[in-house]
Amino acid sequence: MDKLGYVRVGAAVPEMRVADIEYNKQQIISMIAEAAKENVNVVCFPELCITGYTCADLFFLQDLQQQALSALEDICYATRSLSTIVIVGCPLKVDNNLYNCSFVLSDGEVIGVVPKVNLPNTGEFYEKRWFTPGRDSHVKTLDLFSGDVPFGHDLLFTTPDYVFGIEMCEDLWSPLPPSTQLAIQGAEIIFNLSSSNCITGKHDFRRRMITQQSARVHCGYVYTSSGVGESSTDVVFSGSTYIAENGDMIAEGERFRRSSNMLISEIDIERLRTDRQRNNNFTADHQGEYRRVSVTAASCNIVEPEHRYFSTTPFLPEGTDVESFYSDVLSIQTSGLAKRWEHTHANTLIIGISGGLDSTLALLVSCLTADLINIPREKIIGVTMPGFGTSDRTYQNALHLMNKLGITQREISIAAAVTQHFEDIGHDPTMRDITYENSQARERTQILMDMANQDNGLVVGTGDLSELALGWATYNGDQMSMYGVNAGIPKTLVRGVVNYAAMNIFGGEIATILRDIIDTPVSPELLPTDEDGEITQKTEDKVGPYELHDFFIYYFMRYGFSVKKILYMADQAFRDKYDHDTIEHWLQVFVRRFVSQQYKRSCLPDGPKVTFVSLSPRGDWRMPSDAALHFH
């Protein structure tokens, strides 16, 4: 199987005893074997893990220094014939200066030594009493274990598939963390060997720092810290472990564990590279030449991210800020529409109301916009345009919703006009083909546009991002409007926003109507209902489940992932709902429609960008309409 761009990393916290080097060594070697068994590409141990971080003046003892170096050699020897890279912390004397160092071990050799740059100067951690800052050393190479080893804070470790760098504890807390320059110079993953004590509030603050730094420099960030085995004379250590990726905390270990433990996950290198390609700042700074250390024994041999979680709804929020997220969505939509309404001096807003999800969200946004800029809701004209396929359920929901929201209502049946149109163009109305369907969509758009001309109105578009990606819109029909408030919102998010509005903004009878609209099958209602008046034309039967398409859209457009990778991720995310063949079929449908329907997106009306993904031809997505792109 081809590589999918994942690197498996481990953040290890060994059970340890302060200054008991032999015990610590055995714990570390045991965890290295565990990491290798789990096919971890790089495993990182805490700062000064061989001796313990809290040795204090014991660091001055020559016996401790020599025992630590001897243990390091044994640990290095234990990595022979392993494909796992190991990073461990140990003190090292260089030219009569003692450094707090990270040692990078690969296949039985020390391939690089990185000294800590920024030393803390607080009362309980006054490291300058024992160690020299790494930036003060002019030494570039060490003779270590009968071999020349690169030494310095300017080292980048390069494998055939990824590049990583190292910073240590206080480095992250400094005004200019070394990881910033390391990332600019090419490091895609940063490993932080730390010994950060635990006090109330520090855990959340540290967690935010890690996620923010990973977002700032578009990197993977692996953090491990000393555990409860450290001295508790004045402080306590919790053994915090985190693995972050580009602003997301993808894995977090349990703190205060009393035995050795390891956090394992996979970092998506392709995701990081996509964002770096779009950020030219990663080539703008060339302060100094960083040295590259080649690592040949640790090629990325992980193709299946066994420890990664893939949400089935990547556009939807997770965690504690859900309400804030949905509030922001509505604020973006209402602010955009308010600006356009005021700028055009339009007398009214004109919206086609079908009783479906998209037009419902557009109507809610319009009402909130009117409230925002103190315009009576009566200035919003909702138009129902029943046709050959309109169901009683959607029709009644449309009427009840408009009535409860207090807008102006108009009803214009399109049946007679479309029938006349069929006669004019010589189309047999029993032929329920694309002409039969699109004639209705274009008639509705013509009505809205002409009504806007009558009353100096602004036609509010209802189509969403998922429909635009699939081309599931009639060209010069529902594809067209004067401002598309839903253009940046995929279908799964439309449903989420409407549900949020029902529960948190409107409530009461309006909420009841909105919940029924959410439960109504998605349909353009262009084909007649069945004998019971039920919808027969269900969009997802024709183009596929929107939850799948939104998953495809997110990873295809946000990160440019290969079809093969998206298929694998979808298989993992939807394993309990769809089989492989079903997912693959709808992915092929998505790719074919996405490429062939660009011409409908090339002339989209204005509309606000809401998420990271947008199809605006003026901003985020510029694509030739006649591209002959093939995916495999």
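## Report on the predicted model

The protein has 19 helices and 20 strands. The structure is a predicted model. Its C-alpha trace spans about 100 × 50 × 45 Å along the principal axes. Of the 632 residues in the protein, 57% are buried. Among contacts between residues at least 6 apart in sequence, 74% join residues at least 24 apart.

### A six-stranded sheet

Six strands form an open sheet in the order β5-β4-β3-β2-β1-β14, and their pairing is mixed. The edges are taken by β5 (109–115) and β14 (261–268); each has a single partner strand, so one side of each is left without a neighbour in the sheet. From one strand to the next, the twist averages 30°.

Inside this order, β1 (residues 6–13) pairs with β2 (residues 42–44) in the parallel sense, over three bridges. Ala11 stands opposite Cys44 in β2. Helix α6 (residues 269–277) lies across β1 and β14, and its direction is at about 50° to β14.

### An enclosed helix

Helix α17 covers residues 563–573, and nine of its eleven residues are buried, so this helix is largely enclosed by the rest of the structure. The buried residues are Val563, Lys565, Ile566, Leu567, Tyr568, Met569, Ala570, Asp571 and Ala573. Their cover includes the strands β1 and β14 together with the helices α6, α16 (546–558) and α18 (580–596).

### Two helix pairs

Two packed helices are described by the angle between their axes and the distance between the axes. The table gives these values for two pairs.

| Helix pair | Angle | Axis distance |
|---|---|---|
| α1 (residues 21–37) and α2 (residues 62–77) | about 20° | 10 Å |
| α13 (residues 491–506) and α14 (residues 508–519) | roughly 165° | within 9 Å |

For α1 and α2, the axes pack at an angle of about 20°. Angles under 35 degrees count as roughly parallel, and α1 is therefore roughly parallel to α2. The crossing of α1 past α2 is right-handed. On the α1 side the contact is made by Ile21, Lys25, Ile28, Ile29 and Ile32, and on the α2 side by Leu64, Gln67, Ala68, Ala71, Asp74 and Ile75. By type, the residues of this contact are eight nonpolar, one polar and two charged.

For α13 and α14, the axes cross at roughly 165°. That angle makes α13 roughly antiparallel to α14. Their crossing is left-handed. Helix α13 contributes Arg495, Val498, Asn499, Ala502 and Phe506 to the contact, while α14 contributes Gly508, Ile510, Ala511, Leu514 and Ile518. The residues of this contact divide into seven nonpolar, two polar and one charged.

### Trp173

Helix α3 (residues 170–173) contains Trp173. This residue has a relative accessible area of 29% and is partly exposed. Leaving aside residues up to four places away in sequence, Trp173 touches Ser196, Lys202, Phe205, Arg206 and Met209. The C-alpha atom of Trp173 is separated by 9.8 Å from that of Ile210, and the two residues are 37 residues apart along the chain.

Methods
Residues are numbered from 1 along each chain as its sequence is written. This is a predicted model: local features need pLDDT of at least 70, side-chain atom pairs count only at pLDDT 80 or more; totals for chains, interfaces and linings use all residues. Side-chain values use heavy atoms; hydrogens and water are left out. Axes are lines fitted to C-alpha atoms, for helices over the stretch in contact, and angles run from 0 to 180 degrees between N-to-C directions. Helices (H or I, at least four residues) and strands (E, at least two) are DSSP runs, numbered from the N terminus. Angles under 35 degrees count as roughly parallel, over 145 as roughly antiparallel, 65 to 115 as roughly perpendicular and the rest as oblique. A crossing is left-handed if the near helix is turned anticlockwise from the far one by less than a right angle, and right-handed if clockwise. Contact means heavy atoms within 4.5 Å. Ala, Val, Leu, Ile, Met, Phe, Trp, Tyr, Cys and Pro count as nonpolar, Asp, Glu, Lys and Arg as charged, and the others, Gly among them, as polar. Two strands pair if DSSP finds at least two bridges between them. Buried means under 20% relative accessible area, exposed over 50%, partly exposed in between (1.4 Å probe, protein chains only).
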